[in-house]
Amino acid sequence: KQFILPSKSKEQKLTKFRHPALHNPKPISIDFSKKVIMITGVNAGGKTMLLKSILSAIFMSKYLIPYKCNKTNTKIGNYKSINAVLDDPQNVKNDISTFAGRMIEFSKLFAKNDFIVGVDEIELGTDSDEASSLFKVIIEKLIKKNIKIIITTHHKKLASLMAINQEVELVAAIYDEKNRKPTYDFIQGTIGKSYAFETASRYKIPLDVVVEAKKVYGEDKNRLNELIE
């Protein structure tokens, strides 16, 4: 294990990081120097663990906890605070819906500066088209407040809206087409397909259900997925 001291360098990356909560983890290497990391791609492909790995490494560096990585090529930034928006905030007792709870979490971010936040499944709880437009503006405003944001999403529209922003790094979880399973590797600079139908099949949803669902999904969206592939 290595002590990685946080620095004020603009270059930030993990190299061969192994999350301490996992047994025999696959080493992660990722450059997260840009203000926003947007992680898309296959379901159950390691997107959330990549988000948690970045936050965990920053936390451990901040509080001088050693961890496994390539020390020479790993560089971690220094942040006032580390925030995570990971769970479904729905609360019947407090009359909070999933989306309302998420909006409360995001509203708190506008009162802070110089921190990092991880948001898992940003599209949770509302219409995807409306959410894409809303989150595009929210993300752009937070960028101006010197906030680093790590996002996982299946919103191809949101990812495509953010792709032209120079402060945004796209990252896609990779799917092994031949063996029909995620590789738990990532490629930077592109949007990833979700592979919902393939994942449903892998987890024993009947084949006839998946075939019919693909028909309902429609040709236009299939063409978009083919383009992404």
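A nonpolar surface patch is formed by Phe3, Leu5 and Leu64, which together have about 330 Å² of accessible area. Patches are made of residues with over 30% relative accessible area and no salt bridge, like charges being joined within 9 Å and nonpolar side chains (Val, Leu, Ile, Met, Phe, Trp, Tyr) within 5 Å. Accessible areas come from the Shrake-Rupley method with a 1.4 Å probe, and for residues only the protein chains shown count as cover. Phe3 lies in the segment before β1 (13–17) and is partly exposed, at a relative accessible area of 46%. Here buried stands for under 20% relative accessible area, exposed for over 50%, and partly exposed for values in between (1.4 Å probe, protein chains only).

The model is predicted: local features need pLDDT of at least 70 and side-chain atom pairs count only at pLDDT 80 or more, while totals for chains, interfaces and linings use all residues. Residues are numbered from 1 along each chain as its sequence is written, and side-chain values use heavy atoms, with hydrogens and water left out.

Helices (H or I, at least four residues) and strands (E, at least two) are DSSP runs, numbered from the N terminus. Helix α2 (residues 98–109) contains 12 residues and reaches 17 Å from its first C-alpha to its last, close to the expected 16 Å. The expected span of a helix is 1.5 Å times one less than its number of residues. Thr98, Gly101, Arg102, Phe106 and Leu109 are the buried residues of α2. Seen down the axis of α2, these buried residues fall within an arc of 135 degrees, so they line one face of the helix. The arc is that of the directions from the helix axis to the C-beta atoms. An α-helix has 3.6 residues a turn, so residues three or four places apart point the same way. The buried residues of α2 pack against β4 (81–85), β5 (115–119) and α3 (128–143), with contact taken as heavy atoms within 4.5 Å.

Helix α3 has 16 residues and a reach of 22 Å from first to last C-alpha, close to the 22 Å expected. Its buried residues are Ala131, Ser132, Phe135, Ile138, Ile139, Leu142 and Ile143. Viewed down the axis of α3, the buried residues fall within an arc of 140 degrees, so they line one face of this helix. The cover over the buried residues of α3 includes β3 (36–41), α2, β6 (148–152) and α4.

A salt bridge is a side-chain nitrogen of Lys or Arg within 4 Å of a carboxyl oxygen of Asp or Glu, and by this rule the count comes to 5. One of them joins the side chains of Asp129 and Lys157, at 3.8 Å from N to O. This pair links distant parts of the chain, with Asp129 in helix α3 and Lys157 in helix α4 (residues 156–162), 28 residues apart. Asp129 is partly exposed at 44% relative accessibility, and Lys157 is partly exposed at 38%. The side chains of Lys13 and Glu11 also meet in a salt bridge, with an N to O distance of 3.4 Å. Lys13 is partly exposed at 22% relative accessibility, as is Glu11 at 35%. In a further salt bridge, the closest N and O atoms of Glu198 and Lys193 are 3.8 Å apart; both Glu198 and Lys193 are buried.

Positive phi values occur at non-glycine positions. Asp114, in the loop between α2 and β5, has a phi of about 55 degrees and is partly exposed, with a relative accessible area of 24%. Arg180 also has a positive phi, near 55 degrees. Arg180 is located in the loop between β7 (168–176) and β8 (181–188) and is exposed, with a relative accessible area of 52%.

Two further residues were examined for their surroundings. Thr74, in the loop between α1 (47–62) and β4, is buried at a relative accessible area of 5%. Leaving aside neighbours within four places in sequence, Thr74 is in contact with Ile4, Lys13, Leu14, Thr15, Tyr67 and Cys69. Thr74 and Val216 are 142 residues apart in sequence, with a C-alpha to C-alpha distance of 46 Å. Phe59, in helix α1, is partly exposed at a relative accessible area of 41%. Residues up to four places away in sequence not being counted, Phe59 touches Ile65 and Ile82. The C-alpha atoms of Phe59 and Ile149 are separated by 15 Å, the two residues being 90 residues apart along the chain.
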